[in-house]
Amino acid sequence: MIANYHTHTFRCGHAEGGEADYAREAERVGLKILGMADHTPYDFFDIGPRNRPMRMKPEELPEYADSVRDLAKEYEGRMEILLGVEAEYYPKYFPRLLEMLRENKVQYMILGQHFLENEVDAPYCGRPWSDPAVLERYVAQSTEALQTRLFSYFAHPDLINFPGNDELYEREIRKLCRAAHDTQTPLEINILGLREGRNYPDERFWRIAGEEGNVAILGCDAHRPQYVSDPATEKRARELAERNGLPLLETLTLRQIG
Ligand SMILES: [Zn+2]
Ligand SMILES: [Zn+2]
């Protein structure tokens, strides 16, 4: 692996270490590109304190941005460090999010749709939901997100945990994969999920993605500095891509947020 675009920091409240710790480890294991993509702040301006505690606060974004940029300068010529965020698409709050990211000159977003609607009182997609409506809403909302063409890739697109009817799963996921294909958005095979035996990567998903001609990319989703590299799990992720006929990107063309 020469590039990883999915790296968190302590700011989200459930990861360890700052960007300097991740950069040190990334350089040590030979990465050429390290993309920081901590969970984006979201300005839930109308509900304030109900903000779920899994992301930095809006007022913490400038410090994150400056700190990653300083580090990028420090490593110039040795390793490229990029300033990104992992963001959900919440229609009501998305315009304000874009403003905030542009103001802070954030270089890229990856899509990670952990919750539906506008997050408030909405289901976490990684819990098992046999209700077809949850699957359908996940696909519809993620499709809308992809159509903005603002996301550089789709992180763990198979986060949706649907133990229900296989035919329904296939029909919906095929739609999602086509939307990713139409918008030329790479799909991430998530190394964290694979290492921890989460519901993703979901083999059913990747079979369909392979049939639909999607392009994939590996993402470490590192929440601890040591996990910017995980050769054993990376090998399994590459095998997953291989057996499903998915071409793997080694580096990414970033999409401008502006
Ligand atoms: Zn996280
Ligand atoms: Zn993540």
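## Burial in helix 4

A residue is buried if 20 or more other C-beta atoms lie within 10 Å of its own. By this criterion, in the predicted model examined here, the buried residues of helix 4 are Val 134, Leu 135, Tyr 138, Val 139, Gln 141, Ser 142, Ala 145 and Leu 146. These buried residues pack against strand 4 (108-111), strand 5 (151-154) and helix 5 (166-182).

Helix 4 consists of 16 residues, and 23 Å separate its first C-alpha from its last, close to the 22 Å expected at 1.5 Å a residue. Just after helix 4, Arg 149 adopts a positive phi of about 55°.

## The nonpolar core

In soluble globular proteins, nonpolar side chains tend to be buried together. In this model, the largest nonpolar core comprises 75 residues. The residues with the most contacts inside this core are Leu 34, Met 109, Ile 110, Leu 111, Phe 151, Phe 154 and Val 228. Helix 4 (residues 132-147) supplies the largest share of the core, namely 6 residues.

Leu 111 illustrates how these parts meet. Setting aside residues up to four places away in sequence, Leu 111 touches Ala 87, Tyr 89, Ala 145, Phe 151, Phe 154 and Ala 155.

Helix 2 (residues 61-75) contains 15 residues and spans 21 Å from its first C-alpha to its last, close to the 21 Å expected at 1.5 Å a residue. Within helix 2, Leu 61, Tyr 64, Val 68 and Leu 71 are buried. These four residues lie on the same side of helix 2 because they cover an arc of only 100° around the axis. An α-helix has 3.6 residues a turn, so residues three or four places apart point the same way.

The other side of helix 2 carries the exposed residues Pro 62, Glu 63, Lys 73 and Glu 74. The packing partners of the buried residues of helix 2 are helix 1 (19-28), strand 2 (33-39), strand 3 (80-87) and helix 3 (94-103). Gly 77 follows helix 2 and has a positive phi, near 90°.

Thr 253 belongs to the segment after strand 8 (248-249). Thr 253 counts as exposed because it has 10 C-beta neighbours inside 10 Å, and a residue is exposed if that number is 12 or fewer. Thr 253 and Leu 111 are 142 residues apart along the chain, and their C-alpha atoms are separated by 15 Å.

Technical notes. Residues numbered from 1 in each chain as written. Chains lettered and ligands numbered in written order. Predicted model: local features only at pLDDT ≥ 70, side-chain atom pairs only at ≥ 80, totals over all residues. Core = buried A, V, L, I, M, F, W, Y, C linked by C-beta atoms within 7 Å. Helix = DSSP H or I, 4+ residues; strand = E, 2+ residues; numbered from the N terminus. Contact = placed C-beta atoms within 7 Å. Expected span 1.5 Å × (residues − 1). Arc of directions from axis to C-beta.
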